[in-house]
Amino acid sequence: MPQTRYTATAIFLHWLMAIALVCLFCVGFYMHGMSLSPLKLKIYSWHKWSGVTVFLLVWLRLVWRFGHRPPALPAGMGALMRALAHAGHAMLYLLMIAIPLSGWLMSSAKGVQTVYFGVLPLPDLIAPNPELGHRLASLHSALNYLLAAVVLGHVGAALKHHLIDRDDVLTRMLPWRVRS
């Protein structure tokens with residue numbers, strides 16, 4: 001019998017990551033406009049800790065994904081739509097790896113070591129270089145806006161499947177059972 005839903009672990013990790021990414025984006029956007037203060041430094045630390053956590057979770061999610069096949073796409077879905085769905089998911093994973101990595105590189109280039117939860121110092125990935133740090137900050141920001149666009153496309157596609165196509169693509173990732 002073909003699998004019609006994602007596993008409970010996949011669903012949990014999906015929604016945990018979705019909430020974390022939205023929070024990280026909002027906090028990042030908010031903190032960027034703050035004046036230098038102890039509060040801003042504290043929020044930057046929280047943002048970095050959360051980014052490292054997301055970086056670790058995406059690898060856990062990938063390991064889970066490679067060991068557990070997702071449900072098949074709807075049979076009536078055309079080749080182009082299938083290719084776009086796979087490309088969109090690949091882009092989400094790529095960005096969930098690239099964004100924290102760009103933040104870590106940026107911190108290293110700016111000479112500000114990342115200390116996970118204030119106790120575990122992470123190695124600097126590159127030597128301090130303020131000019132490179134500035135360029136990496138721009139890259140980090142651009143990647144985040146790209147992620148926001150891809151996430152909006154992902155949500156839009158899920159809603160299209162649910163409201164227009166009337167298939168189970170959305171409901172099979174919901175944490176509660178929904179009858180189609």
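Two rings of Phe, Tyr or Trp count as an aromatic pair if their centres lie within 6.5 Å, with the six-membered ring used for Trp. By that rule, the structure holds 4 aromatic pairs. Keep in mind that what you're looking at is a predicted model.

**The overall layout**

- The protein's secondary structure comes to 4 helices and 2 strands.
- Read from the N terminus, the elements go α-α-α-β-β-α.
- If you draw a box along the principal axes, the C-alpha atoms fill roughly 55 × 30 × 25 Å.
- The protein has 180 residues, and 34% of them count as buried.
- Take the contacts between residues at least 6 apart in sequence: 67% of these join residues at least 24 apart.

**Where H3 meets H4**

- Helix H3 covers residues 79-109 and helix H4 covers residues 130-165; their axes come within 9 Å and cross at roughly 155°.
- Angles over 145 degrees count as roughly antiparallel, so that's the label H3 and H4 get relative to each other.
- As for handedness, H3 passes H4 in a left-handed crossing.
- What kinds of residues make up this contact? They split into 18 nonpolar and 8 polar, with no charged ones.

- Among the aromatic pairs is the one formed by Phe 25 and Tyr 145, which sit 5.7 Å apart, centre to centre.
- Their planes are 85° apart, and the pair is edge-to-face.
- This pair ties together distant parts of the chain: Phe 25 belongs to helix H1 (residues 8-32) and Tyr 145 to helix H4, 120 residues apart.
- Buried means under 20% relative accessible area and exposed means over 50%; Phe 25 has 29%, so Phe 25 is partly exposed.
- Tyr 145 is partly exposed too, because its relative accessible area is 44%.

**The rings around Trp 49**

- Another aromatic pair is Trp 49 with Phe 117, at 5.5 Å centre to centre.
- This one is tilted, with 40° between the planes.
- Which residues do ring pairs link into a cluster? They are Trp 49, Tyr 116 and Phe 117.

Key
Residues numbered from 1 in each chain as written. Predicted model: local features only at pLDDT ≥ 70, side-chain atom pairs only at ≥ 80, totals over all residues. Heavy atoms only, no water. Axes fitted to C-alpha atoms, helices over the stretch in contact; angles between N-to-C directions. Parallel < 35°, antiparallel > 145°, perpendicular 65-115°, else oblique. Left-handed = near helix turned anticlockwise from the far one by under 90°. Nonpolar A, V, L, I, M, F, W, Y, C, P; charged D, E, K, R; others polar. Phe/Tyr/Trp six-rings, centres within 6.5 Å; stacked < 30°, edge-to-face > 60°. Buried < 20%, exposed > 50% of the residue type's maximum accessible area, 1.4 Å probe, protein only. Contact = heavy atoms within 4.5 Å.
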